[in-house]
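Q: Could you take a close look at the salt bridges in this model and walk me through a few of them, along with their surroundings?

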Amino acid sequence: MATFLYKLGRLAFRRRRIVALLWVALLVAAGVGASTASSPPDDDFALPGTEAQKAFDLLGEQFPEANADGATARLVFRAEDGAKITATDNRRVVAEVLQDAKSEQTVAVSDPFAKRSGAVSRDGETAYAVVSFEVPAMELTDASREDLEAAAQTGRDAGLTVETSGDALFAEPDMGNGEIIGIAVAAIVLILTFGSLVAAGLPLLTALIGVGIGISSIAALGATLGLSATTSTLAMMIGLAVGIDYALFIASRYRAELTEGREREEAAGRAVGTAGSAVVFAGLTVVIALAGLSIVNIPILTKMGLAAAATVVIAVLVAITLVPAALGMVGKRIFGRKVRKANPETGAPVAEHADARPSAGVRWARFVLRRPIMVLVASVIGLGALAIPVSGMQLGLPDEGDQPAETTQRKAYDMLSDAFGPGFNGPLLLVVDARDAEDPQAAAGRVVTSVRGVDGVVNVSPPVFNADKDTATITAIPETGPSDPETEDVVRDIRDRAEGLETKTGATVLVSGATAVAIDFSQVMNDALVPYLSLVVGLAFVLLMIVFRSVLVPLKAALGFLLSVLAALGTVVAVFQWGWGAELIGVESTGPIMSMMPIFMVGVIFGLAMDYEVFLVTRMREAYVHGESPERAVVSGFKLGARVVTAAAVIMISVFAGFIGAGDSMIKMMGFGLAVAILFDAFIVRMAVVPAVLALLGRRAWWVPRRLDRILPNVDVEGERLRRRLAEGGEAAGAVPQQRAAEPEDSRV
């Protein structure tokens, strides 16, 4: 591996203009394809195999005229100062609002004052009307949404309180300025790391080219492969982060090789041969984690994972080809002006002398090696304490009750809860398939009677039959809100009764609706978490055994990752569910944790955490293979990699933390969770737990059974075979005269 990448790096350096033109051509081609491609399809949220999905499928089959996919909106009216909404003047205003709400895409508008509609509260102050559309929310035109808003404003101008809710108001979530903030912080960190504007701009430029190709390719293939516009969200986030990191690691190794006196082409080859090998295997762990999302069997997650994995592959290819080509183009400007003036012949700094002041990374590594037990215990106890809230985690999907308080959706949600009860915002839709029943109407009636007897159900509507009179829908209103755990108990009780009803009546009862969908989604996530974790960690464990030729190092990496993810999830629960410090990051309402959050964090953070593991420990492995003691190898790894890993982690934390400012609660939660997970994993697990464990294990850390050693392929990530090959061919031929640092006689830590 190292030898092949060494040759590839030198070739890309020599043919830098051709390589750069090829990548630019790919970017242009992808851009042209994206601009000329058909519009991407809308998101098709489906939960294959769940009861809620079966109910939706049955609705589409037996109630084609209802258009289960059509968007809906609810206009909520309230009279002011204790007046009745049923008063004549207020009725007239409501009728005018409903007339104005009609558009070309509207198929029906309900009358809140119709008999037995149940759309007027008991106190007579609040009423609501449902506006149904013929197309899904994503296909609504701006004109239809503007008509809805204008109609609501008409009611407000007439003196009523009018608010609107429903999926018809759906808009792309406010992502904030996450990408801009992340790129800005990345630029600052890179300038501080490299001390050169050119060197700082190189990882940003190459990462943006890779992300541009990935995102444009997704757009170009969207209509063909069924990739929606939101599929690229994860691809952009991960592609940008790893693209910068991978270029940063190779560029840093290139500068280190120049500092050691290598000729530029030779330095590029060695950088790609060593750091590039780590990039390839780190990229493989990310790809495994993202592609593994397909095991969840939710189409939208599968597409997002595969699209992001493809973008990571592009980032790896950019790092091992375009980055060395770009290094050849920038020449001596890879170092700052002061360095070039101090050594104009090579433009590179002189290698540090043995008596030079140790870097902060070296000083920290030596401290950990002196106090390994203390550092390990403190780190594990700290992360363990942060993980405690996970035991009380409640999963669910965000609803309009999680919207910011100033939004019309949240105001409508609160008005309906106050007037009709909390459960009104989470009605349960029961679909009764009575095609096999002797008397469909009698069967539906028994279902209504049975559901009314369920604890926690406050209202059950009469059955509404389809044209063939063999399938009916029934609406049940629970006493508690959509995200309340007691509502989940109600759903399970109804489903438990369904089996007995089928035996007695021959009718199949399926429970659906937004609340049931959220419950089923959470269950799917829970069921998939252990298989997904086993697959991802298992494959990555094998991959890390190949990289490090060790059993204990990959085991330590996996356990450390689990610790950091649990601590991050615990922090998310404490803030977003318990409300600890929620106001500091603008969280206006607390509630269940988004159902996909655990599996999403496992997939994304595992891949990124293994990046740091590979980059940092590979340098330690390289030093150990080249003859250093285990303790000295840890120090060497921190000397060569700690600063770069720290810079990479700060960049990634900044990218994710930028999304905390988003208005959408789901995006805010994802940004916060990913940011704290990277913080814990990079700075506690990789910087403290890893060196402490390696110090305690000593040479045993690099132990591998002989039989396993013979089976595992030797990919030469640390570049030992490459080094021997270069030594046999005359290493001096690739160096330029420069003052060398004397090796210290005392190798003690």
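A: Happy to. A helix here is a DSSP run of H or I with at least four residues, and helices are numbered from the N terminus. Please keep in mind that this is a predicted model.

Arg-270 and Glu-266 both belong to helix α10, which covers residues 264-291. They sit 4 residues apart, about one turn of the helix. Their side chains form a salt bridge, with N to O at 2.9 Å. Both Arg-270 and Glu-266 are buried.

Now to Arg-435. The side chain of Arg-435 meets that of Glu-61 in a salt bridge of 3.3 Å, N to O. Here distant parts of the chain are linked: Arg-435 is in the loop between β6 (428-433) and α16 (440-452), while Glu-61 is in helix α3 (residues 51-62), 374 residues away. Arg-435 also forms a salt bridge with Asp-433, where the closest N and O atoms are 2.8 Å apart. Asp-433 counts as buried because its relative accessible area is 16%, under the 20% cut-off. Arg-435, at 38% relative accessibility, is partly exposed.

One more residue is worth a look: Thr-473, in strand β9 (residues 471-478). Thr-473 is buried, at 16% relative accessibility. Leaving out residues up to four places away in sequence, its contacts include Leu-59, Phe-63, Leu-429 and Leu-430.

Notes
Residues are numbered from 1 along each chain as its sequence is written. This is a predicted model: local features need pLDDT of at least 70, side-chain atom pairs count only at pLDDT 80 or more; totals for chains, interfaces and linings use all residues. Side-chain values use heavy atoms; hydrogens and water are left out. Helices (H or I, at least four residues) and strands (E, at least two) are DSSP runs, numbered from the N terminus. Buried means under 20% relative accessible area, exposed over 50%, partly exposed in between (1.4 Å probe, protein chains only). Contact means heavy atoms within 4.5 Å. A salt bridge is a side-chain nitrogen of Lys or Arg within 4 Å of a carboxyl oxygen of Asp or Glu.
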